[in-house]
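Here is a short briefing on one protein structure. Keep the model open while you read, and find each residue as it comes up.

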Amino acid sequence: MSLCPFVDGIEIAKHKGARYRLGPELEICGYGCWDHYYESDTLLHSLQVLAALLESPVTQDIICDVGMPIMHRNVRYNCRVIFLNGKILLIRPKMALANEGNYRELRWFTPWSRSRQTEEYFLPRMIQDLTEQESVPFGDAVLSTRDTCIGSEVCEELWTPHSPHVDMGLDGVEIFTNASGSHHVLRKAHARVDLVTTATTKNGGIYLLANQKGCDGDRLYYDGCALIAMNGGIFAQGSQFSLDDVEVLTATLDLEDVRSYRAEISSRNLASSQGPVRVPALRACPSQASRVSPYPRVKVDFALSRDEDLLEPLSEPVEWKYHSPAEEISLGPACWLWDFLRRSQQAGFFLPLSGGVDSGATACLVYSMCHQVCEAVKHGSQEVLADVRTIVNQTSYTPQDPRELCSRILTTCYMASENSSRETCNRAGDLAQQIGSHHIGLNIDPAVKAIMGIFSLVTGKSPAFSAHGGSSRESLALQNVQARVRMVIAYLFAQLSLWSRGAPGRLLVLGSANVDESLLGYLTKYDCSSADINPIGGVSKTDLRAFVQLCMERFRLPALQSILVAPATAELEPLAHGRVSQTDEEDMGVTYAELSVYGRLRKIAKMGPYSMFCKLLYVWKDVCTPRQVADKVKRFFSKYSVNRHKMTTLTPAYHAESYSPDDNRFDLRPFLYNTRWPWQFRCIETQVNQAKMVFLPVKCLLREYQLISLEGREAF
């Protein structure tokens, strides 16, 4: 916890003329505290930061709205604490808690269930001594200033079917605030924007949304996107990805625009009559606004507007600028990598570079990170400059060229074996040269032979690859030895490669297994997929290829062209006449495109084997027979369940995709299955047999039609 971000942000806001400061959800302690919320220390230190803010001169003459956990009557709540000039105005607890996907708020907090009701909250002594208040309102209330009315929502409440802003707007609230802790997922930004613009389109009003930005110490990246909207339009857009610790968004809006907009909404002001009108007479109908239960109002002797504001130019509507998924990948995981690097106080990254799309994409993410660092320094970010100087251990260093910075903080390594091709070696070397990484080439065969020598010495047996007459069990074991040796070598070089060059520090090992391979378990446990962090572990192969294409064009990296067109291969089996004999999709028995479909249906649509079969029977009806669909679904679930245990050891990965199989928090399932799925597969077979009876007459008719057509052609 530090006061600097709060103080800096409030000073910038006041300098821009703001009179209300809204921060993100649980900002004082950080949203990602998780089980630390159970600790009394977290509550204590949050109160200490609040006390420091209350007595800081920076917080004078501006309403400050901060997020922190509060214990009320021995119950823990996720709260907004709103204060002005050293006095707490209201503590507003969150009423709808996020409890799906990565969110576990019900584990730590209780939702406030007393709508439009408040209680007395007796302040701790350290706060009483500062504010000279014994108690303050705690609950669901709104602020009534001299010139407007302000109501709060907290993150998830915007996403609920009946959000608080609906009734608050009908009760005369003109400004809605939303403090969020919303993490990045590819293609998610439009959902936030649509919710806010729809809310203010239907009911009018000004909507402020503040969101966390950056890595909070785990797999999630909070992607900002702060915004200010009014009457269905966007008037200010914050950045989605940046390296800055503090970003302040302001807008100058006219409250009269809200009032005139609402005056035109007849459905808000005059409710439709129910049923037929039986007499030809005018009938007065109660308005929706008059029927809503009123909110308790906390009177605030303060105005958000000033007389001199009449001369201020009003903010103009802006069109929201969205990133493409490829651009999101180039920015989000790169910012996440930067946060991990600077906060872990390591000297850079070590990446096993195989010459394939996955490791190539990971290298490009580091290069993109270097590009963002150089841009931030160019635009005057002293925080980023201080961090990069610490990382490279050079107080006078100023990064200007991404390639030069990459040479300092990224070490890549091509680990060849007797099964490696010259093509992959060249592709890895060419990419390393173009992004500027410190590149190492080595051969792992001596280590592999030494390990196999120990096995042969002990057992008297020498396993062989399938291509050399060995069994599939022997071949798989030989492949796994190569993969695991690479992991050991990666960690050795991460710890000592800088030492060997006379430089201080160690490197973070980067993994590069994509979300589709993890889903199917197409990886060796404790191989190169085992690393410190994995920036692409939540990204599909399809999206990765689009990202690599973007990097090739934007960063002018022609080496990526040959990487894109090459078949994906692990190169763990012997070459055939010097050529790769093994490809990933052949090994898996599934295409990457199919894996994305299975992943979304399994996790997002929440389908088991039978439901997935029924769905795909229709979706793939033009390309697959029922038997083929059944075989594909059964093959996927069999392999998925056999390999599910590997998810327990997945490297912490950037969360970017809603069908991630991450076992840590997001995808909680057993890792020991009955891999035969007897009941489910029997249900599938029943449907296949029924489908045969339905499809048989159609096939007979089609055959008959073909015969008639052939006879007709012969007649002509």
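Met369 touches Ala334, Leu337, Trp338, Leu341, Phe349 and Ile409, leaving aside residues up to four places away in sequence. Keep in mind that this is a predicted model. Met369 belongs to the largest nonpolar core, which holds 64 residues.

**Nonpolar cores**
- Within the largest core, the residues that touch the most other members are Leu337, Trp338, Phe349, Met369 and Leu560.
- Helix H11, residues 357–378, supplies the largest share of this core, with 13 residues.
- There is also a second, separate core of 31 residues. Among its members are Ala13, Leu47, Val49 and Ile88.
- In soluble globular proteins, nonpolar side chains tend to be buried together.

**An open sheet**
- Seven strands form an open sheet in the order S14-S13-S10-S9-S8-S7-S15, and the pairing is mixed.
- Which strands lie at the edges? They are strand S14 (233–237) and strand S15 (297–299), and each pairs on one side only.
- On average, neighbouring strands of the sheet are turned by 20° against each other, with direction ignored.
- Helix H6, residues 189–203, packs on the sheet. This helix touches strand S10 (206–211), strand S13 (227–230) and S14. The directions of H6 and S13 make an angle of about 30°.
- Strand S7 (residues 142–144) pairs with strand S8 (residues 149–154) in the antiparallel sense, over 2 bridges.
- Ser144 has Cys149, in S8, as its bridge partner.

**Helix H14**
- Helix H14 covers residues 422–435, which is 14 residues. At 1.5 Å a residue, the helix should span 20 Å. Its end C-alpha atoms are 20 Å apart, so the model agrees with that expectation.
- Which residues of H14 are buried? They are Thr424, Arg427, Ala428, Leu431, Ala432 and Ile435.
- Seen down the axis of H14, the buried residues fall within an arc of 125°, so they line one face of the helix.
- These buried residues pack against H11, helix H13 (402–409), strand S17 (410–416), strand S18 (438–443) and helix H19 (559–565).
- Gly436 follows H14, and its phi is positive, near 90°.

**Positive phi outside glycine**
- Asn393 is not a glycine, yet its phi is positive, near 60°. Asn393 sits in the loop between helix H12 (382–392) and H13.
- Is Asn393 buried or exposed? Asn393 counts as exposed because its relative accessibility is 56%, and the cut-off for exposed is over 50%.
- Arg556 also has a positive phi, of about 55°, although it is not a glycine. Its place is the loop between helix H18 (541–554) and H19.
- Arg556 has a relative accessibility of 72%, so it counts as exposed.

**A buried loop residue**
- Ala98 lies in the loop between strand S4 (87–93) and helix H3 (105–108).
- Why does Ala98 count as buried? Its relative accessibility is 2%, and buried means under 20%.
- Ala98 touches Tyr103, Arg104, Glu105, Leu106 and Glu156, not counting residues up to four places away in sequence.
- Ala98 and Asp309 are 211 residues apart in sequence. In space they are 39 Å apart, C-alpha to C-alpha.

Methods: Residues numbered from 1 in each chain as written. Predicted model: local features only at pLDDT ≥ 70, side-chain atom pairs only at ≥ 80, totals over all residues. Heavy atoms only, no water. Core = buried A, V, L, I, M, F, W, Y, C linked by side-chain atoms within 4.5 Å. Buried < 20%, exposed > 50% of the residue type's maximum accessible area, 1.4 Å probe, protein only. Helix = DSSP H or I, 4+ residues; strand = E, 2+ residues; numbered from the N terminus. Contact = heavy atoms within 4.5 Å. Pairing = 2+ DSSP bridges. Axes fitted to C-alpha atoms, helices over the stretch in contact; angles between N-to-C directions. Expected span 1.5 Å × (residues − 1). Arc of directions from axis to C-beta.
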